[in-house]
Amino acid sequence: MMNRLAAIFAALLAWRFFAAQDAGLGLSVDEAQYFLWSLEPAWGYFSKPPLIAWAIAASTAVCGESEHCIRLPALLLFAATAWVSAAIARRLFDARTALWSGVAFATLFLTSFYSWFMTTDSLLLFLWASSLLLFLRALETDRWRDWLALSAAVGLGLLAKYSMGLFLLCALAVLWIDHRPRLAGPKPWIAVLLALTFLLPNLAWNLDHQFATLRHTAEISQLDRKLFHPDSFLYFAAAQFVVMGPLLLPALIRAAVDRRAWRSDPRQRLLAIFSVPVLGLFLLLSLLSRANANWAAPAYVAATVLAVSWLARENRRRWFAAAVAVNLIMAATLYHWHRIAPAAGIELGRRTDPFDKLHGWNAA
């Protein structure tokens, strides 16, 4: 199974890399900002915790300062996240569910799009998935080394994006519902405390810089403005059918409403806890204020395994194959639109080119 998965991932990596070279996109404003940060390593920056700058610094130190080298961590980390998703499914279910989960995550439109750009999501999703796998191991073995490894993964995740804190809430919910005796012992609590200590240098940096990152994080939620925005809610909800895929998201919904399955099966319940509340939180935020389509991205680690486990249990091979095919078609259209559009007689411009803002920077 792992050999087949490795071959699929290698093919996807090669396609994405060479398609990106062919597209020749310059850095986005955010990516350029992250690159400038990487030139002066610190414990914090204006709008993000420091891990993205550190990752870019490591990548450019190895292969140079081209756009491809700046974005290389994203390409590799999304492939690694798909591999960890398969490992999660293998630990919870079986080899077939693991193979399907790995392929499904690797072909999500979320993965296809963000593999091309260096953002905090590549780091966050990899560390979220790794933390979930380590959490499963800690529940199974209750060894100190597994709890300590979990705390390190969560701590690094907090240095990637503050929304990693939602992982701790989901984990505590799982412990309270299905493993309550563990809460009487010291291991989970020490793991939480050690994870939070990773944030201390970043909090100290914020203290020295008028809490710049924390203020920016609060400002972009816009909760201090007029509440209740049904248009934003509808946009965010519709965007999730693109982020996960128009056929895979219905499978997730079907699995999530199967109360008999997740009530009787702790594996389904764990996956539901790590996905449904996170999606629900950002749906609520989109209604009250605003939420970008990718803000709920961490939910899709467990959500993909949950949806695929339902498809595998119901033996919906055709549904799964169609879901993957549709997502790949969407990705191919995005990757090669600069060649498809002229062939179809469409002139590329501000309204017809999704990457219009990224063209022209080199000339400028």
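Is Arg339 buried or exposed at 51% relative accessibility? Arg339 counts as exposed, since the cut-off for that class is over 50%. The model is a predicted one.

Asp22 belongs to helix 1 (residues 2–23) and Arg339 to helix 20 (residues 337–343), so the pair ties together parts that are 317 residues apart in sequence. Asp22 counts as partly exposed, at 31% relative accessibility.

The count of salt bridges comes to ten. Among them is the pair of Glu140 and Arg91, whose side chains meet at 2.8 Å, N to O. Helix 7 holds Glu140 and helix 4 (residues 67–92) holds Arg91, so this bridge ties together parts that are 49 residues apart in sequence. Glu140 is exposed, with a relative accessible area of 58%. Arg91 is partly exposed, with a value of 35%.

Lys161 lies in the loop between helix 8 (144–160) and helix 9 (165–178), while Asp121 lies in helix 7, so the contact ties together parts that are 40 residues apart in sequence. Lys161 counts as buried, at 17% relative accessibility. Asp121 counts as buried too, at 2%.

Nonpolar packing comes next. In soluble globular proteins, nonpolar side chains tend to be buried together. The largest nonpolar core in the model has 107 residues. Phe135, Phe167, Met244, Leu270 and Phe274 have the most contacts inside this core. Helix 7 (residues 120–141) supplies the largest share of the core, with 13 residues. Phe167 illustrates the packing. Beyond its neighbours within four places in sequence, Phe167 is in contact with Trp128, Ser131, Leu132, Phe135, Leu150, Val154 and Phe274. Two of these partners, Phe135 and Phe274, are also listed among the residues with the most contacts in the core. A second, separate core has eleven residues, including Ala23, Leu334, Tyr335 and Phe355.

Together with Trp15, Phe109, Phe113, Tyr114, Trp116 and Phe117, they form one aromatic cluster.

The count of aromatic pairs comes to 19. In one of these, the rings of Trp43 and Trp54 have their centres 5.1 Å apart. Their planes stand at 80 degrees, so the pair is edge-to-face, a class that requires an angle over 60 degrees. Trp43 sits in the loop between helix 2 (29–38) and helix 3 (51–63), and Trp54 sits in helix 3, so the pair ties together parts that are eleven residues apart in sequence. Trp43 is partly exposed, with a relative accessible area of 41%. Trp54 is also partly exposed, with a value of 28%.

Arg96 lies over the face of Trp100, at 5.1 Å from the ring centre. The charged end of Arg180 sits over the ring of Trp176, 4.0 Å from its centre.

Conventions. Residues numbered from 1 in each chain as written. Predicted model: local features only at pLDDT ≥ 70, side-chain atom pairs only at ≥ 80, totals over all residues. Heavy atoms only, no water. Phe/Tyr/Trp six-rings, centres within 6.5 Å; stacked < 30°, edge-to-face > 60°. Helix = DSSP H or I, 4+ residues; strand = E, 2+ residues; numbered from the N terminus. Buried < 20%, exposed > 50% of the residue type's maximum accessible area, 1.4 Å probe, protein only. Lys NZ or Arg CZ within 6 Å of the ring centre and 35° of its normal. Core = buried A, V, L, I, M, F, W, Y, C linked by side-chain atoms within 4.5 Å. Contact = heavy atoms within 4.5 Å. Salt bridge = Lys/Arg side-chain N within 4 Å of Asp/Glu carboxyl O.
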